[in-house]
Amino acid sequence: DGLVTVHTTANQAVMIEVNAETDFVARNEIFQKFCDELAQTCVINGCKDIDSLLNSNFLNSSKNVKDSLTDIIAKLGENIIIRKLKYIGESEFKFQKYLHNAINQKSGKIGVLLVFSNKNNSKYTDDFAKNICMHIAATDPKSKDIDSLDSSLVEKEKVIYAEQLKTSNKPEDIIKKIIEGKVKKYFEEVCLLEQTFVIDNKTKIKDCISAFNKEHDDDFNIANYHIFKLGQE
């Protein structure tokens with residue numbers, strides 16, 4: 001169990017997963033405060049990995065994070081582990097976050113951090129970016145677009161499709177076209193920009209972005225996204 005916590009500033013962001021053994025500790029205000037301060041510590045010190053975080057001075061303390069972690073383990077009587085973090089520092093991009101099964105405004109069981117650019121700052125942008133974050137939490141895409149998808153995943157799918165069609169007695173050229181169609185469908189399932197927006201269940205994300213930009217005279221563009229699901233790789 002535990003929490004995923006997201007903290008952002010104007011040009012920095014961090015998402016961090018801290019594991020506890022039970023939901024009882026995850027709901028403890030001391031643990032929640034620790035997760036929040038840990039995320040702030042990460043941003044203040046620009047920690048790119050767990051080792052650098054553990055050796056950093058903990059927020060408003062003369063102790064380092066490693067010793068502060070030992071203290072909270074003793075206080076709560078349960079093993080606590082800083083499992084993973086994603087830090088983005090000194091970025092020219094903007095950030096939006098979403099927390100699913102949120103326990104407060106900063107922590108939940110699933111965290112999404114969207115990294116994007118656009119020329120306008122408005123409530124429309126915030127709402128649109130938040131909706132895309134919610135979509136990511138729901139669909140857990142494997143890549144932003146087709147070009148950034150791991151090619152080994154595509155090859156694995158092709159092998160599966162070919163095996164399924166082996167006994168179909170269809171001509172080779174027909175089988176090739178069927179596999180191409182299945183791969184295209186696979187892209188629509190796992191690539192964020194190719195996915196159907198869960199909000200309306202009919203429009204692709206890339207088309208939603210185009211429509212948003214046209215309506216609001218904007219140039220909204222997704223640079224990247226990150227998703228942490230508690231306990232998952």
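Helix axes here are lines fitted to C-alpha atoms over the stretch in contact, and angles run from 0 to 180 degrees between N-to-C directions. This is a predicted model, in which local features need pLDDT of at least 70 and side-chain atom pairs count only at pLDDT 80 or more, while totals for chains, interfaces and linings use all residues. Residues are numbered from 1 along each chain as its sequence is written, and side-chain values use heavy atoms, leaving out hydrogens and water.

**View 1. Helix H5 packs against helix H8.** H5 (residues 123–139) and H8 (residues 205–216) meet at about 175 degrees, their axes 12 Å apart. That makes H5 roughly antiparallel to H8 (over 145 degrees). Helices are DSSP runs of H or I, at least four residues, and strands are runs of E, at least two, numbered from the N terminus. In contact (heavy atoms within 4.5 Å) are residues including Phe128 and Ile132 in H5 and Ile209 and Phe212 in H8.

**View 2. Phe116 and Phe220 form a stacked pair.** Rings of Phe, Tyr and Trp (its six-membered ring) pair if their centres lie within 6.5 Å; planes under 30 degrees apart count as stacked, over 60 as edge-to-face and the rest as tilted. Here the centres are 5.0 Å apart and the planes at 25 degrees. Phe116 lies in strand S6 and Phe220 in the loop between H8 and strand S7, so the pair ties together parts 104 residues apart in sequence.

**View 3. Phe128 meets Phe220 edge-to-face.** Their ring centres are 5.1 Å apart, with planes at 75 degrees. Both Phe128 and Phe220 are buried (under 20% relative accessible area, 1.4 Å probe, protein chains only).

Definitions and conventions:
Parallel < 35°, antiparallel > 145°, perpendicular 65-115°, else oblique. Buried < 20%, exposed > 50% of the residue type's maximum accessible area, 1.4 Å probe, protein only.
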